Amino acid sequence: MRVTQSMLSGNMLHNLNNSYGRMSELQDQLNSGSKINRPSQDPVIAVKSMGYRRDLGKVEQFSRNMNEVNSWLDATDDALSQLEASIHRVHELVVDAANDSKTAKDREAIAQELEQIHNHMKDLGNTEMAGVYIFSGTNTLSPLFDEAGNMNAALPGLDNPVEIEVFEGINLKVNANAHDIFSVIDYAMTQIVETVGHPDSTGEEIGDLLSLINEENNPNSMRSTVLTEHARIGAMQNRAEIMQDRLDLREIMVKTRMRDNESVDYSKAITEMVTHESIHQAALSVGARIIQPTLVDFMR
């Protein structure tokens with residue numbers, strides 16, 4: 001086959017164009033820090049990048065969910081702590097009222113304080129967090145106690161768990177068993193206030209009320225009920241911390257893989273850029289010798 005001057009020129013221009021194109025890609029990589037700027041440059045990298053970004057989006061959403069979980073559990077933990085403090089005060093007042101040296105007037109004053117504590121407990125049952133009632137089950141827009149102070153035991157969704165997804169396929173229950181807690185408290189406090197405030201009540205009758213407050217062998221006493229639920233909430237807080245650590249590790253892992261998939265290796269790219277520049281300069285030098293002078297060159 002006869003090799004013509006036009007063939008030599010065409011091949012040289014084609015190779016130079018390829019060299020310019022590759023140097024342009026390397027320059028774009030160095031400027032942007034990314035291996036690709038268009039999906040067509042490497043579809044495999046592009047598809048993996050979309051997958052990693054999808055995983056990172058899930059992790060970010062789960063992290064936002066974890067903030068909601070912690071808000072619920074912290075608010076519940078605080079309310080239960082206040083309930084325990086109130087129960088402790090009720091116990092002190094009942095022990096004091098059971099003293100036979102107390103007069104009917106003294107016990108009436110104690111009953112008034114007990115009634116105020118009962119009202120405080122009801123207020124805790126209507127604890128709000130960010131506009132939702134945390135002790136109303138899934139019916140978070142309705143309070144547990146109405147304006148008259150009566151517990152709405154028939155509240156729709158009261159016994160339903162409030163669950164928040166914190167990982168793929170993992171939901172955490174964030175609300176307390178409010179019906180069990182406040183039904184026991186409401187019944188016990190009603191009995192205590194009525195008995196202590198009754199003018200004919202004896203010290204022995206008032207002393208019998210202690211079984212409603214702090215009887216170790218009575219799982220339905222106020223203290224036992226609240227402590228049991230408080231322990232469960234504490235366990236959920238510990239699990240929430242573990243899940244948060246897991247999410248943090250997942251986020252680091254996804255970001256690392258995404259960086260390895262997309263980010264350019266600067267040392268490798270710079271070395272390749274210098275190599276292509278040298279080859280390109282050599283190609284230009286050789287091409288200048290191969291291409292024969294034309295009539296225009298002699299007319300200068």
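Which hand does the crossing of helix 3 and helix 4 have? The crossing is left-handed, as the first view of this predicted model shows.

**View 1. Helix 3 packed against helix 4.** Here we're looking at helix 3 (residues 104–125) and helix 4 (residues 178–197), whose axes come within 8 Å and cross at roughly 165°. That's over the 145 degrees needed, so the two helices count as roughly antiparallel to each other. Helix 3 brings residues such as Arg 107, Ile 110, Leu 114, His 118 and Met 121 to the contact, among others. From helix 4 come, among them, Phe 182, Ile 185, Asp 186, Met 189 and Val 193. Sorted by class, the contact has 11 nonpolar, four polar and four charged residues.

**View 2. Leu 73 and its surroundings.** Leu 73 sits in helix 2 (residues 43–97) and is buried, with a relative accessible area of 1%. Setting aside residues up to four places away in sequence, Leu 73 touches Lys 173, Val 174, Ile 233, Met 236, Gln 237 and Ala 240. Take Val 174: it lies 101 residues from Leu 73 along the chain, yet their C-alpha atoms are separated by 5.9 Å.

**View 3. Val 162 in its loop.** Val 162 belongs to the loop between strand 2 (132–133) and strand 3 (163–167). With 12% relative accessibility, Val 162 counts as buried. Apart from neighbours within four places in sequence, its contacts are Trp 72, Gly 137, Thr 138, Leu 172, Lys 173, Val 174 and Asn 175. For Val 162 and Ala 176, which are 14 residues apart along the chain, the C-alpha separation is 8.9 Å.

Definitions and conventions: Residues are numbered from 1 along each chain as its sequence is written. This is a predicted model: local features need pLDDT of at least 70, side-chain atom pairs count only at pLDDT 80 or more; totals for chains, interfaces and linings use all residues. Side-chain values use heavy atoms; hydrogens and water are left out. Axes are lines fitted to C-alpha atoms, for helices over the stretch in contact, and angles run from 0 to 180 degrees between N-to-C directions. Helices (H or I, at least four residues) and strands (E, at least two) are DSSP runs, numbered from the N terminus. Angles under 35 degrees count as roughly parallel, over 145 as roughly antiparallel, 65 to 115 as roughly perpendicular and the rest as oblique. A crossing is left-handed if the near helix is turned anticlockwise from the far one by less than a right angle, and right-handed if clockwise. Contact means heavy atoms within 4.5 Å. Ala, Val, Leu, Ile, Met, Phe, Trp, Tyr, Cys and Pro count as nonpolar, Asp, Glu, Lys and Arg as charged, and the others, Gly among them, as polar. Buried means under 20% relative accessible area, exposed over 50%, partly exposed in between (1.4 Å probe, protein chains only).
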